Amino acid sequence: MTPRTRPQTHICPNCNGFASAAVALGGRDRHGHLRTITANCPACHGTGTTRRSTAQEGARA
């Protein structure tokens, strides 16, 4: 019997695995910190991976 393997995680095709990015708003606040916001990938919601579909492509019945 072959050993069980864990299912591979699939990288999100929209963000290519780079799910979050810090975007500089320009300028600094009064404490000298750079003002940034975090932008998440709308397809994977910031995880960088997608779920594996239940149907396999090219599988025969």
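How far is the sulfur of Cys-12 from the closest cysteine sulfur, and in which residue does that sulfur lie? In this predicted model, the closest cysteine sulfur to that of Cys-12 belongs to Cys-15, at 3.8 Å. A disulfide is counted when two cysteine sulfur atoms lie within 2.5 Å, so the sulfur of Cys-12 is too far from that of Cys-15 for a bond. Cys-15 is likewise in no disulfide, the nearest cysteine sulfur being that of Cys-12. A search of the whole structure returns zero disulfides. In general terms, a disulfide is a covalent bond between the sulfur atoms of two cysteines.

Both cysteines of this pair are buried. Cys-12 has a relative accessibility of 1%, and Cys-15 has one of 14%. Because buried means under 20% relative accessible area, Cys-12 falls in that class, as does Cys-15. Of the 61 residues of the protein, 10% count as buried.

Cys-12 and Cys-15 also belong to the largest nonpolar core, which has five residues in all. In soluble globular proteins, nonpolar side chains tend to be buried together. Cys-41 is in contact with Cys-12, Cys-15 and Ala-19, and also with Asn-14 and Gly-46, when its neighbours within four places in sequence are left aside.

The secondary structure consists of four strands and zero helices, and the pattern along the sequence is β-β-β-β. Among contacts in the protein with a separation of 6 or more, 49% join residues 24 or more positions apart. The protein exposes about 6,000 Å², and carbon and sulfur atoms supply 50% of this area.

Two residues in the loops have a positive phi without being glycine. One of them is Asn-16, with a phi of about 60 degrees. Asn-16 is placed in the loop between β1 (10–11) and β2 (20–28). Its relative accessibility is 54%, so Asn-16 counts as exposed. The other is His-45, whose phi is near 60 degrees. His-45 is found in the loop between β3 (34–40) and β4 (49–50). At 65% relative accessibility, His-45 counts as exposed.

How values were computed. Residues are numbered from 1 along each chain as its sequence is written. This is a predicted model: local features need pLDDT of at least 70, side-chain atom pairs count only at pLDDT 80 or more; totals for chains, interfaces and linings use all residues. Side-chain values use heavy atoms; hydrogens and water are left out. Buried means under 20% relative accessible area, exposed over 50%, partly exposed in between (1.4 Å probe, protein chains only). Contact means heavy atoms within 4.5 Å. Accessible areas come from the Shrake-Rupley method with a 1.4 Å probe; for residues, only the protein chains shown count as cover. A nonpolar core is a set of buried Ala, Val, Leu, Ile, Met, Phe, Trp, Tyr and Cys residues joined through side-chain atoms within 4.5 Å.
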